[in-house]
Amino acid sequence: MLAKRIIPCLDIRDGQTVKGINFGGLRTVGDPVELGRRYADEGADELVYLDISATVEGRRTFADLVSRIARRIDIPFTVGGGISTVEDAGRLLLAGADKVTVNSAAVRDPRLIDAIAGRYGSQFVVVAIDARRDETGRWVVTTHGGRQATDRELFAWAREAQERGAGEILFTSMNHDGTKSGYPCETFARLAAELSIPVIASGGAGTVEHIAEVLTVGRADAALAASIFHYGEIPIPTLKSALHERGIAVRL
């Protein structure tokens, strides 16, 4: 059985790690390099860094940050934010990132997934999907940090992303993000059933039980969280020990 992965997520704005609720109300929580180093030392399997304020100039700054992260951290890490061309992806991979994640630009032009996967390989491409469940129960894909709704639907878009060369899907439920109320496990279970590539669950982790549930009932390959790690609510060693006691395969 493949080990389930625990992945802290660090949202970056102006060079600092920030966290909010439902994609808003951001607060600074620490230095991204030092936080990442701490999580690696505690047993995180991977890290995800997302530049949530990416501009052309910001992307150059972010590449410098990626270089510093690569020099200090010895576990795989994924970076994203403002990646809209193959060259953007290449700059971050060259700086030391193990994978890149694309979101809004891929929704705007899905050929971006084909292009990055074609040049660097599917294993380097994570397609991030931010979606909100509307009053009808439909999961509407959004872009620009959740600010713009699209006409795309979660499951159809995830399948298309896979067909175009995505190596993983990172799905964030905007309804649950930062609320610590648990993940929408039935949605993750359906994603896992419809896809053949790994699914990373994001949005809603508040307890060990939430994470255990999304990795079992939700069939997610990895659980991504931020608040519980940033604020020291559930240390990674404690989480992994608890998951192991529940019979969930994790790397201790």
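Q: In this predicted model, which residue's side chain makes a polar contact with the side chain of Asn103?
A: Asn103 is found in the loop between strand 6 and helix 4, and leaving aside its neighbours within four places in sequence, Asn103 is in contact with Ala128, Asp130 and Thr142. Among these contacts, the one in which the side chain of Asn103 makes a polar contact with another side chain, at 3.0 Å, is with Asp130.

Q: Is Asn103 buried or exposed?
A: A residue counts as buried when its relative accessible area is under 20%. The relative accessible area of Asn103 is 18%, and therefore Asn103 is buried.

Q: Which side chain makes a polar contact with the side chain of Glu168?
A: Glu168 belongs to strand 10, which covers residues 168-173, and with a relative accessible area of 6% Glu168 is buried. Beyond its neighbours within four places in sequence, Glu168 is in contact with residues including Lys99, Val126 and Ile200, and also with Arg5. The polar contact between side chains, at 2.7 Å, joins Glu168 to Arg5.

Q: How many charged residues are in the lining of the largest cavity?
A: The structure holds 1 cavity of 30 Å³ or more, and the volume of the largest cavity is about 30 Å³. Its lining is made up of Ile7, Glu46, Val48, Thr78, Lys99, Val126, Glu168, Leu170 and Ile200. By class, this lining has 5 nonpolar residues and 1 polar residue, while the number of charged residues is 3.

Q: Within what arc do the buried residues of helix 5 fall, seen down the helix axis?
A: Helix 5 spans residues 111-120, and its buried residues are Leu112, Ile113, Ile116 and Ala117. They line one face of the helix, because their directions, seen down the axis of helix 5, fall within an arc of 125°.

Q: Which exposed residues does helix 5 carry on the face turned away from its buried side?
A: The buried residues of helix 5 pack against helix 3 (86-95), strand 6 (99-102), helix 4 (104-108), strand 7 (125-133) and helix 6 (154-164). After the helix comes Gly121, with a positive phi near 105°. On the face turned away from the buried side, the exposed residues of helix 5 are Arg111, Gly118 and Arg119.

Q: Which residue's backbone nitrogen does a side-chain oxygen of Asp31 reach at the start of helix 1?
A: In helix 1, residues 32-42, the buried residues are Pro32, Val33, Leu35, Gly36, Tyr39 and Ala40. Just after the helix, Gly43 has a positive phi of about 115°, whereas at the start of helix 1 a side-chain oxygen of Asp31 comes to within 3.1 Å of the backbone nitrogen of Val33.

Q: What is the relative accessibility of Asp14?
A: Asp14 sits in the loop between strand 1 (5-13) and strand 2 (16-21), and its phi is near 55°, which is a positive value in a residue other than glycine. Asp14 counts as exposed, its relative accessibility being 68%.

Q: How does Arg219 count at 44% relative accessibility: buried, partly exposed or exposed?
A: Arg219 is placed in the loop between helix 8 (208-216) and strand 12 (222-225), where its phi is near 60°, a positive value in a residue other than glycine. Exposed would require over 50% and buried under 20%, so Arg219, at 44% relative accessibility, counts as partly exposed.

How values were computed
Residues numbered from 1 in each chain as written. Predicted model: local features only at pLDDT ≥ 70, side-chain atom pairs only at ≥ 80, totals over all residues. Heavy atoms only, no water. 1 Å grid on protein atoms, 1.4 Å probe; cavity = no way out; pocket = protein on both sides within 12 Å on 5 of 7 lines; lining within 4 Å. Points joined across faces, edges and corners; volume = space filled by probe spheres on them. Nonpolar A, V, L, I, M, F, W, Y, C, P; charged D, E, K, R; others polar. Buried < 20%, exposed > 50% of the residue type's maximum accessible area, 1.4 Å probe, protein only. Helix = DSSP H or I, 4+ residues; strand = E, 2+ residues; numbered from the N terminus. Arc of directions from axis to C-beta. Contact = heavy atoms within 4.5 Å. Polar contact = N/O pair within 3.5 Å; in protein donor to acceptor, adjacent residues only side chain to side chain.
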